[in-house]
Amino acid sequence: MSLAEGPFSEWIDEVLWDKIPAMPLGGWFADMVNWAKVELRGMFRAMSDGIESLVDSLTYVLTVTPSVFMVLIFAALALWLKGWKFGLSTVICLGIVAWTPFWEQTMMTLSLVIVASALALLLAIPIGVLASENRWVSRMARPVLDLMQTMPAFVYLIPAVSFFGVGLVPGVLATVVFCMPPGVRLTELGLRQVDTEVVEAGESFGASPAVILGRIKLPLALPTIMAGVNQVIMLALSMVVIAGMVGGDGLGKVIMSALNNVDLARGFNAGLAVVFIAIYLDRISHAIGSRTKVARAQEAMAKS
């Protein structure tokens with residue numbers, strides 16, 4: 001028997017640990033949430049109405065057009081950005097989704113991903129820019145981003161439901177928080193990797209810091225920033241499906257229903273739609289990133 005399992009361990013538990021009060025971090029967080037629910041009720045109501053309006057409007061646009069025409073529109077975009085092979089595979093994959101009963105839910109999921117990703121990037125890219133320009137901001141943001149990336153995805157749903165109730169809004173906001181870190185990190189990384197000689201050349205011609213940032217750093221960092229955009233979109237899709245647990249619409253709700261009823265056919269159809277949407281969004285975001293001038297120049301240098 002080791003000391004960890006013997007009387008010495010019992011003495012430590014009784015004499016030391018039992019005398020130390022429990023850390024009330026959870027209680028502090030609950031008090032903060034309860035305070036915010038009362039004092040910031042108007043702000044949360046405005047946020048809820050705005051997000052619902054965005055999602056509903058985009059969903060209407062995607063569903064009012066017949067599924068056949070929407071498949072052709074998505075395929076045309078794929079053809080233009082990545083070639084005929086991707087365009088043909090888009091017709092086949094999204095045609096299969098349109099053949100299932102879950103086309104409207106798929107478009108709802110796409111709306112949720114687009115809105116959540118756009119909101120996340122509107123926050124992530126400016127924070128990444130500030131972190132690249134200010135080391136104090138970078139040091140303050142790093143532990144917060146570590147916490148956001150390591151926190152289990154389900155935990156984000158608890159305060160979101162507490163603030164906004166059950167529905168699509170808590171799912172969208174939990175998704176925004178969950179998928180922000182890669183956008184911040186890769187924006188900062190891309191800007192910090194810009195060649196200092198190029199920046200010094202701009203300074204020598206009298207360019208202001210704003211001009212250097214907008215016309216030198218950001219264009220050169222754009223391929224890395226687009227990699228962050230891709231990661232944000234992929235994480236948003238995964239979290240939107242999880243948000244079906246709190247009443248979020250779309251494929252997440254269908255998958256949760258299939259799980260509760262052990263409906264294999266329903267779950268397979270919805271899961272297949274998620275896979276096809278994920279592949280499509282991944283390829284489209286990569287294609288957009290590869291069409292930047294810097295990415296094309298890097299590709300040409302790699303081939304030469």
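Is K217 buried or exposed in this predicted model? K217 counts as buried, because its relative accessibility is 16%, under the 20% cut-off.

**Salt bridges**
- The count of salt bridges comes to 4.
- E133 is partly exposed, at 44% relative accessibility.
- Within helix α9, R192 pairs with E188 at 3.0 Å between the closest N and O atoms; the two are 4 residues apart, about one turn of the helix. E188 counts as buried at 13%, whereas R192 is partly exposed at 34%.

**Where α7 meets α9**
- The axes of α7 (residues 135-150) and α9 (residues 168-192) come within 9 Å and cross at roughly 145°, in a left-handed crossing.
- Residues making the contact include R142, L145 and D146 of α7 and V184, R185 and E188 of α9. By class, the contact has 7 nonpolar, 2 polar and 6 charged residues.
- R185 and D146 form a salt bridge here, 2.4 Å from N to O, with R185 in α9 and D146 in α7.

**Loops and helix ends**
- V262, in the loop between α12 and α13, has a positive phi near 50° and counts as exposed at 65% relative accessibility.
- At the start of α10 (residues 196-204), a side-chain oxygen of D195 reaches to within 3.1 Å of the backbone nitrogen of E197. Just after α10, G206 takes a positive phi of about 85°.

Note on methods:
Residues are numbered from 1 along each chain as its sequence is written. This is a predicted model: local features need pLDDT of at least 70, side-chain atom pairs count only at pLDDT 80 or more; totals for chains, interfaces and linings use all residues. Side-chain values use heavy atoms; hydrogens and water are left out. Axes are lines fitted to C-alpha atoms, for helices over the stretch in contact, and angles run from 0 to 180 degrees between N-to-C directions. A crossing is left-handed if the near helix is turned anticlockwise from the far one by less than a right angle, and right-handed if clockwise. Contact means heavy atoms within 4.5 Å. Ala, Val, Leu, Ile, Met, Phe, Trp, Tyr, Cys and Pro count as nonpolar, Asp, Glu, Lys and Arg as charged, and the others, Gly among them, as polar. Buried means under 20% relative accessible area, exposed over 50%, partly exposed in between (1.4 Å probe, protein chains only). A polar contact is a pair of N or O atoms within 3.5 Å; within protein, one must be able to donate a hydrogen and the other to accept it, and residues adjacent in sequence count only if both atoms are side-chain atoms. A salt bridge is a side-chain nitrogen of Lys or Arg within 4 Å of a carboxyl oxygen of Asp or Glu.
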